[in-house]
Structure formats: structure tokens, C-alpha cells
Amino acid sequence: MLQAYLGALIQQGSLTVRVNPNKTYHFGTSIPERPDLDVAIWINSPWTAFKIGLHPYLYFGEAVMEADLIVEKGSLWNLIELIGLNLRHAPDRGWLSRLLHGIKRFLPVHSLTASRANVAHHYDLSEKLYRLFLDEDMQYSCAYFRCPQASLEEAQIAKKDHIADKLYLSPGQSVLDIGCGWGGMALHLAQQAGVNVTGVTLSTEQLAVAEQRALAPSVNARVRFELCDYREVTGLFDRIVSVGMFEHVGLAGFDGYFQTVADRLKDDGVALIHTIGRRGKTGGRSAWLNKYIFPGGYIPSLSEITDAVEKSGLFITDIESLRLHYAETCRHWRERFLAHREEIAALYDERFCRMWEFYLCYCELGFRYGDLMVFQVQLSKCLDTLPITRDYMMPQASARVAEPEEANGEVFKGAAYLGQTG
């Protein structure tokens with residue numbers, strides 16, 4: 001089954017597959033200018049090969065994790081990129097994902113207990129792990145590359161500034177940060193815009209870091225963090241921001257999520273939801289991620305988001321699709337992860353390292369060659385709350401955007417690269 005699958009899939013580049021004990025197969029044709037796409041792998045048994053061919057979206061990752069599939073020539077990213085470049089030729093193996101997608105529509109909304117367990121599975125890992133591959137502010141979401149040469153740190157600052165512009169903030173306003181992570185966004189908004197921020201998270205590890213950071217004199221009186229589900233928040237806010245949290249709500253919870261946003265916003269309030277999204281109506285290709293990395297996760301299509309928003313009574317005032325920004329973010333994370341692999345193996349073990357390297361490669365594949373992107377959806381209760389043009393979102397219009405910085409010996413400005421950030 002795997003032989004037939006790879007025979008149809010690999011049209012560009014070359015893949016050699018050695019199946020223990022003594023079978024070797026060759027697929028595709030070498031590309032002289034891309035020697036990195038000449039890859040060889042070893043698979044430990046015909047049974048493993050059969051499972052991968054049957055359901056690659058689950059068993060491929062499992063085989064890498066368990067060292068039942070080893071890259072003998074090239075790197076894991078070389079193998080993943082070879083697959084990505086040929087995805088359009090892939091035979092349909094998504095029937096199981098489509099079936100599960102249909103079932104998910106009838107599953108109950110994540111309970112508070114289940115949501116806390118899902119968050120703990122991923123976000124309550126060692127703080128040191130995340131510090132080894134994230135930027136200095138520990139932003140664990142898509143960065144915004146205003147120029148191709150931007151560092152990860154610069155791109156994450158640009159992301160926070162871009163979101164701040166879309167929130168159209170004024171000093172003294174109240175802001176709710178749903179899924180505040182380690183507190184970087186909340187602290188940035190408080191420092192740069194003089195707003196008062198309440199951040200909520202379900203991760204005890206993230207809360208501890210965020211609370212410690214909030215002790216800084218520059219933000220101490222304006223930022224507070226709570227271990228709290230967004231559904232338990234009370235009160236009204238001028239602004240609501242949510243970055244990288246909506247992916248954990250689950251399809252059955254979409255309506256309730258946007259109704260909660262509507263209920264917590266003041267009449268002249270504005271919300272900005274930043275979430276991974278996908279093209280297409282039927283989800284899938286995330287069986288491995290759901291099992292090992294993000295249990296309970298679900299990547300929405302734009303139509304699923306807008307349908308839920310319309311039920312809440314909120315107005316969609318702006319939508320931006322960030323194309324390839326997350327692919328570049330994942331590339332930076334992957335390179336930093338590999339640079340610190342020995343330290344991470346000491347924290348956990350080799351199986352964990354194989355699992356996380358595959359996770360970072362797999363996500364980059366989805367954003368660079370697949371159907372994934374990031375949606376930034378701006379919402380309001382009233383049509384006249386925000387300006388009727390987008391000028392206020394442009395970096396040159398905001399005092400919150402940092403001055404031009406050096407990048408690889410070249411000065412760049414965000415405005416100079418508008419149109420190149422896709």
C-alpha cells in the first residue's frame with residue numbers, strides 16, 4: 001500500500017525507501033539543483049510500511065517518534081519538504097478525517113475539566129523547553145514578518161504592534177486577553193498603549209511566569225493574570241484580544257465562544273481574534289497532532305468562523321489572511337529547537353525530541369505547502385466604532401511601531417515591504 005501511495009506522490013525529487021529486512025524501492029527523479037531533495041529512509045518492518053500507507057496522517061508521525069522510520073540520507077525536514085512539494089499528487093487518504101470531521105459536529109462542547117487537561121498536556125511542559133526555541137518574549141504564535149530578513153524577535157514585536165493597531169486602543173481602556181500565554185501580549189499592550197489588561201489562561205506553568213513578569217514597575221498596576229476559563233470571566237471590557245487560543249475551542253464550541261466575546265464586550269467594544277485557519281470545508285490531516293500535541297484541537301475554516309460570528313450578532317469589521325508568516329515562524333522555531341536538541345533531550349528524552357522535531361516540521365509543511373494560514377478577524381458591536389478606512393492599521397500610522405532596525409546589514413521599514421509579507 002505504501003509503495004503505491006509513494007509511487008503516485010513523489011513526482012519531484014527522489015526518495016529511496018529501505019524496508020527491513022531486504023526490500024528497497026525508489027521513487028521520483030533527482031533534481032540536480034536541489035540535492036537536498038534526494039532523500040533516503042529506513043522503515044523497520046512491512047507492517048509499519050502498511051500502516052503508513054493506510055493512514056499517513058497518523059502513522060507517519062508515530063513511526064518517526066518510535067524510530068520505526070529513520071532518515072538515512074538528508075534530514076527530517078528534507079523528507080517533509082519533499083512530501084510538501086508533491087502534496088498535490090497525493091492519493092486521497094482523507095476519508096477517515098472527513099468521517100471524524102462529521103462526527104465532531106455532534107460532539108459536546110469541551111467541558112471546563114477537559115479544557116484544562118488539554119491545555120496542561122501541551123502548555124504545562126517545562127518553561128525551559130519553550131525558552132530554548134521561542135523568542136525572548138516567549139511568543140508562541142505566528143510572528144509577522146514585515147521584511148524577509150527580520151529576526152524572530154523583530155517579527156514577534158511586529159505581530160504585537162500589528163494587533164495593537166487593529167485594537168484601536170486608547171489609554172485607560174480595559175482589555176481582556178483570552179489565552180494570555182506567558183503574558184507577553186498583555187504586557188506589551190499595557191506598556192505601549194497604557195491600557196489595563198486582564199489575562200486568563202488554563203496553564204498553571206504559564207500563569208506563574210506571567211504573574212512574575214507582571215511585577216515589573218512599568219506594568220504592575222495595569223496588568224493582572226488569572227487561572228480561569230474564558231467562559232468564567234465576568235464584567236465588560238473595551239477590548240478583547242485572543243491570540244492562538246481559538247484553535248483549542250473545538251468545533252462544537254464555536255457558537256458559544258463568539259457569544260461569550262459578544263457578552264463580554266461593551267457596546268462600543270472591539271475584539272481581535274488571531275487563529276490558525278485552513279482552506280476548505282472538511283478538516284483533517286491532524287490526527288497525529290490531536291493525539292500527541294494538541295488534544296481537543298480543531299483548525300477552523302473561515303466559513304466556520306464567520307457562521308459562528310454571525311450567530312453572535314457581532315459585526316466582522318476586518319479580516320486579514322497571513323500567508324506564509326507561520327511557515328517562517330516554524331522555520332525559526334525548528335532551527336532553534338535543533339540547535340538546543342541536546343539540552344532538550346536532557347530535559348525529556350530522545351523520543352520527545354523526535355516527536356517535537358516532527359511536530360515543528362509537520363506544522364511548517366502545512367503552512368508552506370498545505371492549506372493552513374492565519375486569520376486575524378476584527379469584530380465590533382457597532383458599525384461606527386472604528387474608522388471606515390484601514391489607514392490606522394498601517395505601521396507608518398502608529399506610534400507603537402518600533403523604529404527601523406538593522407537586519408543582516410540592511411535597514412528596513414515595515415511600510416517599504418507592504419505586499420511582500422504574504
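**Exercise 1. Work out the strand order of the four-stranded open sheet and find its edges.**

Start with the order: this open sheet of four strands runs β2-β1-β3-β4, with mixed pairing. Strands and helices here are DSSP runs (E, at least two residues, for strands; H or I, at least four, for helices), numbered from the N terminus. Two strands count as paired if DSSP finds at least two bridges between them. Next, the edges: β2 (23-29) and β4 (69-73) each pair on one side only. From one strand to the next, the twist averages 20°; angles run from 0 to 180 degrees between N-to-C directions, with axes fitted as lines to C-alpha atoms, for helices over the stretch in contact.

Before you go on, a word on the model: it is predicted, so local features need pLDDT of at least 70 and side-chain atom pairs count only at pLDDT 80 or more, while totals for chains, interfaces and linings use all residues. Residues are numbered from 1 along each chain as its sequence is written, and side-chain values use heavy atoms, leaving out hydrogens and water.

**Exercise 2. In which sense do β1 and β3 pair, and which helix lies across β1, β2 and β3?**

Take the strands: β1 (residues 13-19) and β3 (residues 38-43) are parallel, over six bridges. One spot to check is R18, whose bridge partner in β3 is W42. Then look for the helix: α1 (residues 2-9) lies across β1, β2 and β3 and runs at about 20° to β2.

**Exercise 3. Find the aromatic pairs that Y140 makes with W182 and W333, and classify them.**

First, the rule: rings of Phe, Tyr and Trp (its six-membered ring) pair if their centres lie within 6.5 Å, and planes under 30 degrees apart are stacked, over 60 edge-to-face, and the rest tilted. The whole structure has 30 aromatic pairs. For Y140 and W182, the centres are 6.3 Å apart and the planes sit at 50°, so call this pair tilted. Y140 is in the loop between α7 (127-133) and α8 (152-167), and W182 in the loop between β5 (174-178) and α9 (184-193), so the pair ties together parts 42 residues apart in sequence.

Now the other partner: Y140 and W333 are also tilted, at 5.2 Å centre to centre and 50° between the planes. W333 belongs to helix α14 (residues 325-339), so this pair links parts 193 residues apart in sequence.

Last, check burial (buried is under 20% relative accessible area, exposed over 50%, partly exposed in between, with a 1.4 Å probe and protein chains only). Y140 is buried at 14%, and W182 is buried at 3%. W333 is buried as well.

**Exercise 4. Which residues touch the most other members of the largest nonpolar core?**

A nonpolar core is a set of buried Ala, Val, Leu, Ile, Met, Phe, Trp, Tyr and Cys residues joined through side-chain atoms within 4.5 Å. Of the 77 residues in the largest one, Y130, Y140, W288, W356 and Y359 touch the most other members. Helix α16 (residues 350-368) gives the most to this core, with 12 residues. Apart from it lies another core of 29 residues, including F237 and F375.

**Exercise 5. How many residues of α9 are buried?**

Count along the helix: eight of its 10 residues are buried, among them G184, L187 and A193.

Note on methods
Contact means heavy atoms within 4.5 Å.
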